[in-house]
There are 4 protein chains.
Amino acid sequence: MQQEVGFMGMGIMGGAMAANLVRAGYSVTVYNRSRDKCGELEEMGARVADSPAQMARECGTVIAMLTGPQALEEVLFGREGAVAEFGENTLFTNMSSVSPAFSRELAGRLQSSGCRFVDAPVSGSKKPAEEGSLVILAGGESTDVEALRPLFEVMGKKVVHCGPVGQGSMMKMAVNLLLGTMMEGLAEMLNLGRQGGLDTDSLLEVVTSGPLNCGLFQIKESMLREEEYPAQFPLKHMSKDLKFVLDTAYEEGASLPTAHAVSQTYATARNLGHGDQDFAAVLSALQRLNAKH
Amino acid sequence: MQQEVGFMGMGIMGGAMAANLVRAGYSVTVYNRSRDKCGELEEMGARVADSPAQMARECGTVIAMLTGPQALEEVLFGREGAVAEFGENTLFTNMSSVSPAFSRELAGRLQSSGCRFVDAPVSGSKKPAEEGSLVILAGGESTDVEALRPLFEVMGKKVVHCGPVGQGSMMKMAVNLLLGTMMEGLAEMLNLGRQGGLDTDSLLEVVTSGPLNCGLFQIKESMLREEEYPAQFPLKHMSKDLKFVLDTAYEEGASLPTAHAVSQTYATARNLGHGDQDFAAVLSALQRLNAKH
Amino acid sequence: MQQEVGFMGMGIMGGAMAANLVRAGYSVTVYNRSRDKCGELEEMGARVADSPAQMARECGTVIAMLTGPQALEEVLFGREGAVAEFGENTLFTNMSSVSPAFSRELAGRLQSSGCRFVDAPVSGSKKPAEEGSLVILAGGESTDVEALRPLFEVMGKKVVHCGPVGQGSMMKMAVNLLLGTMMEGLAEMLNLGRQGGLDTDSLLEVVTSGPLNCGLFQIKESMLREEEYPAQFPLKHMSKDLKFVLDTAYEEGASLPTAHAVSQTYATARNLGHGDQDFAAVLSALQRLNAKH
Amino acid sequence: MQQEVGFMGMGIMGGAMAANLVRAGYSVTVYNRSRDKCGELEEMGARVADSPAQMARECGTVIAMLTGPQALEEVLFGREGAVAEFGENTLFTNMSSVSPAFSRELAGRLQSSGCRFVDAPVSGSKKPAEEGSLVILAGGESTDVEALRPLFEVMGKKVVHCGPVGQGSMMKMAVNLLLGTMMEGLAEMLNLGRQGGLDTDSLLEVVTSGPLNCGLFQIKESMLREEEYPAQFPLKHMSKDLKFVLDTAYEEGASLPTAHAVSQTYATARNLGHGDQDFAAVLSALQRLNAKH
């Protein structure tokens with residue numbers, strides 16, 4: 001707990017995760033491109049870095065939780081990027097969602113800096129991030145994953161070591177494929193039923209009283225009833241993750257016929273303007289494609 | 001409880017449901033095309049009818065639990081079919097899976113017999129049938145559904161009145177669409193992960209430790225681990241039900257892009273010879289379509 | 001040429017085909033549910049029957065060209081239906097689009113009347129019907145197909161004997177699957193290109209200057225350029241035919257992954273209100289699902 | 001015609017295109033990673049460069065026709081890569097298939113070298129390459145495209161200027177999407193028909209006697225009849241191009257529901273071992289997924 005922990009990315013997820021580290025007594029330096037998003041953490045006692053490079057100079061452990069490859073590229077390799085200050089004593093952990101291929105490529109590009117690297121995306125969105133109940137999907141050397149375990153256990157309730165670097169991202173792809181498919185399945189189920197004259201309450205009652213009932217459906221139930229979709233996990237991010245899934249399936253030669261349809265459906269929902277709503281809003285997109293009775 | 005209850009169809013589901021009625025003290029007459037399947041019920045005290053017509057003459061309440069439209073057609077309108085003996089005092093309940101369109105058409109054809117008709121397919125397969133914990137999805141007049149409630153509560157743990165005749169089948173389509181999509185989602189998730197180098201245990205651990213965990217996945221977990229698929233719900237029946245889903249979506253003008261891919265995938269699995277295995281065997285079919293590493 | 005030819009169905013297709021028979025010197029009796037659609041043929045010299053039954057009494061050869069199974073059901077088995085007057089000397093030819101399963105079932109139901117039966121749907125829409133250049137896809141006994149050949153050669157430029165009854169419809173399904181897929185392919189090609197900044201003229205120029213160029217694309221070119229879609233072949237009929245394709249694939253165990261997506265896309269276009277436009281209007285539906293730039 | 005033309009990539013396409021330039025009197029220097037593939041051109045009178053850099057030093061016009069982004073990366077930016085020798089007098093033309101995004105990114109990376117850049121993929125495969133009848137899809141400045149026109153007209157029969165850099169690749173994506181969809185459509189049509197009892201000859205007869213007939217189907221007809229698929233355009237390349245199509249659709253927000261299914265089907269065919277056959281072999285893959293009769 002002696003070492004300074006650097007945390008890049010103060011979005012919905014990153015902000016909540018860094019706050020849990022501060023609360024647990026860690027000394028944390030935060031960085032965000034728009035500095036004003038760091039205000040809350042600063043009030044809690046975190047330091048604010050002026051640049052990724054400054055953070056990397058001062059922190060042995062650096063964590064990134066950003067929106068994707070492009071943002072990572074910038075904080076790591078851009079102007080005043082962190083990598084210039086990485087060294088043998090740096091343990092860098094990327095918790096952002098990226099494809100396994102990107103993760104492995106990043107590992108290669110980080111090698112010359114001498115740093116150690118763990119990819120550790122998470123399963124869970126806003127609420128588990130706030131409650132410290134994420135599931136952390138780690139890929140990397142066992143010793144590195146073990147070194148990070150105390151921090152991971154502050155941010156999450158479970159750590160699964162999935163294999164070497166890249167395999168954390170592989171697991172994340174797999175989980176998000178199931179997440180996206182289950183939500184799409186529920187949306188199509190409701191869409192079929194309502195178009196066929198059933199009411200939403202009966203449909204949800206049947207789902208939640210049998211073996212299909214799960215935490216996900218309970219979380220989304222009120223959104224689907226009220227047709228209001230404040231973002232817990234924005235639909236555009238689900239669409240991006242499913243794009244990574246198709247990329248990975250193409251590279252690995254995995255047959256995923258339904259994933260293609262699911263991906264296409266979220267992309268259409270995004271096209272139709274639902275990208276900033278919660279991904280449960282895929283139901284709204286489906287409804288717009290029904291026949292009018 | 002005074003009235004004789006007729007039960008047609010002694011398959012995995014029907015046999016278990018009729019047995020629960022006998023155990024609850026009902027006087028039950030059973031019928032099955034191959035009479036030898038009635039042996040167990042006969043030993044429990046049920047009478048065995050020689051023909052659907054004979055059963056209909058003696059029973060005011062007639063229940064059918066058969067494999068689909070063709071079998072129903074035969075027992076109702078075929079040689080010595082039941083309908084010839086239906087009258088104003090008959091309450092006929094079809095619990096077999098059919099499309100809503102077929103259910104409504106059947107209602108029309110039954111009208112001249114004077115009988116009352118409820119469509120009441122069930123959610124749940126072998127084990128809930130045996131344990132009397134099915135969810136019963138009833139479509140029909142409220143008075144008829146209420147009259148059947150005591151019997152339904154012996155066979156199931158919950159009765160949802162979904163609307164007029166046909167709406168029980170509509171709900172069943174909706175539930176089975178979600179069931180088929182969730183199983184397909186889990187299969188594609190495992191297929192992606194394993195093709196990408198993750199092991200089955202880690203994948204299932206991550207699924208079952210988060211908000212995607214549900215009864216369905218727990219029931220199928222050991223099948224998926226051991227790659228043995230003894231049929232609880234045969235894949236060919238899932239394929240048939242998803243065909244009904246597409247028929248219904250076409251008629252109702254409901255947009256179900258993923259359902260088409262899911263339906264196609266189970267049909268392919270059936271084509272490849274997995275029809276008599278449990279529908280979780282869709283994973284086997286996917287694996288056969290992967291690249292060899 | 002001595003025998004009276006009966007022709008049921010005076011829609012876009014049927015009207016044009018019957019007119020060609022009259023022009024070729026055949027004595028033709030026409031029937032249509034709304035009698036006013038028979039006016040043009042009457043002026044050309046055809047007789048008009050009051051009912052299908054009356055027509056069947058007077059004509060040894062009876063042809064039907066209707067919108068589908070339901071309309072056929074009515075003129076054949078409904079009130080004053082034709083079948084009641086069919087006998088050993090009747091040769092009945094169904095040229096309407098139906099599924100192979102329906103065709104074979106119809107053959108069975110016609111048997112007791114003693115009539116002979118050929119199923120002979122056509123490839124080609126309005127213009128080839130008017131010009132007598134349809135391709136006729138015949139299923140039935142060779143002797144019956146040969147007996148009809150002179151009439152077929154008036155209505156079409158080519159007769160393909162596809163096998164026993166039902167195989168004409170099987171060929172029609174196959175052709176319409178290709179037709180629908182090629183049109184959808186062109187629409188997606190234009191949609192991708194235009195959304196990516198290319199102009200319609202360049203896109204069509206490239207298509208029509210290489211090995212993808214075909215009569216279909218030439219016929220539809222001006223519709224796609226001007227985005228006006230007067231119906232040559234209404235989109236709702238394509239949607240119906242693709243539904244038959246999926247039914248047939250399910251029954252025959254044929255793997256058609258793309259057909260499912262194509263069928264779903266036309267159904268969505270129909271849902272969105274393009275059903276009465278030409279099936280090339282599927283492009284309009286796609287455009288509505290794009291992101292706004 | 002004075003300037004030396006450099007040509008990188010002596011595969012099926014590149015070899016034939018470079019040969020046409022030599023035959024037309026151009027002075028050509030060729031390069032290929034495995035030098036032995038340059039033998040034929042050397043015999044025709046072309047010089048052979050030892051490295052891309054050597055070629056770039058000696059040639060004002062440099063053309064690349066390679067298998068994709070990775071091969072391009074290597075010859076341009078790898079060891080002894082060409083870009084190190086590019087200057088203001090270099091006009092570099094990439095005729096390889098890449099995504100529009102890659103093409104635009106490449107343009108950015110080439111800027112510091114001072115060279116001019118045109119992206120000019122082609123429509124057409126082996127035979128048109130040999131006959132000089134390709135369609136050339138050029139993206140870039142008008143002056144550059146005009147400067148290249150004489151060379152293009154040796155290699156192709158038509159040059160379409162599609163817009164700025166990247167738009168040649170955009171057009172190529174669009175064309176290959178249509179190409180892949182039409183071939184898949186024909187394969188599914190044959191698969192449905194044959195599984196339904198029709199014979200290949202009748203099916204092809206019907207296709208080629210109507211408005212669906214096109215050069216593509218005529219070229220592939222004998223392959224499909226004989227079920228032998230020597231590669232004109234290898235299936236794995238079609239699969240790769242369709243992956244680029246999905247990438248582009250995602251980025252541009254274009255709705256392409258069928259393209260997803262088509263892409264998935266070629267990927268499955270590749271997974272099943274048909275990657276090195278002609279892309280018409282997608283029919284073989286479909287057949288393996290049918291029910292056995």
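**Close-up views of domains and chain contacts**

**View 1. Domain 1 of chain A and domain 2 of chain A have C-alpha centres 28 Å apart.** The domain bounds, taken from an automatic or database domain assignment, are 5-164 for domain 1 and 171-288 for domain 2 of chain A. The model is predicted: local features need pLDDT of at least 70 and side-chain atom pairs count only at pLDDT 80 or more, while totals for chains, interfaces and linings use all residues. Residues are numbered from 1 along each chain as its sequence is written, and chains are lettered from A and ligands numbered from 1 in the order in which they are written.

**View 2. Contacts join 13 residues of domain 1 of chain A to 12 residues of domain 2 of chain A.** Two residues are in contact if their C-beta atoms, placed from the backbone, lie within 7 Å. On the domain 1 side, helix 5 (100-110), helix 6 (126-131) and strand 9 (156-163) of chain A each supply at least two residues. Helices (H or I, at least four residues) and strands (E, at least two) are DSSP runs, numbered from the N terminus.

**View 3. Chain D superposes on chain C by a rotation of 180 degrees with 0.0 Å of shift along its axis, RMSD 0.1 Å.** This is the relation of a two-fold axis. The superposition is by least squares on the C-alpha atoms of residues with pLDDT of at least 70 in both copies. Of the residues of chain D, Cys214(D) comes closest to the rotation axis, its C-alpha at 2.5 Å. The same surface serves both copies, as 100% of the contact residues of chain D recur in chain C.
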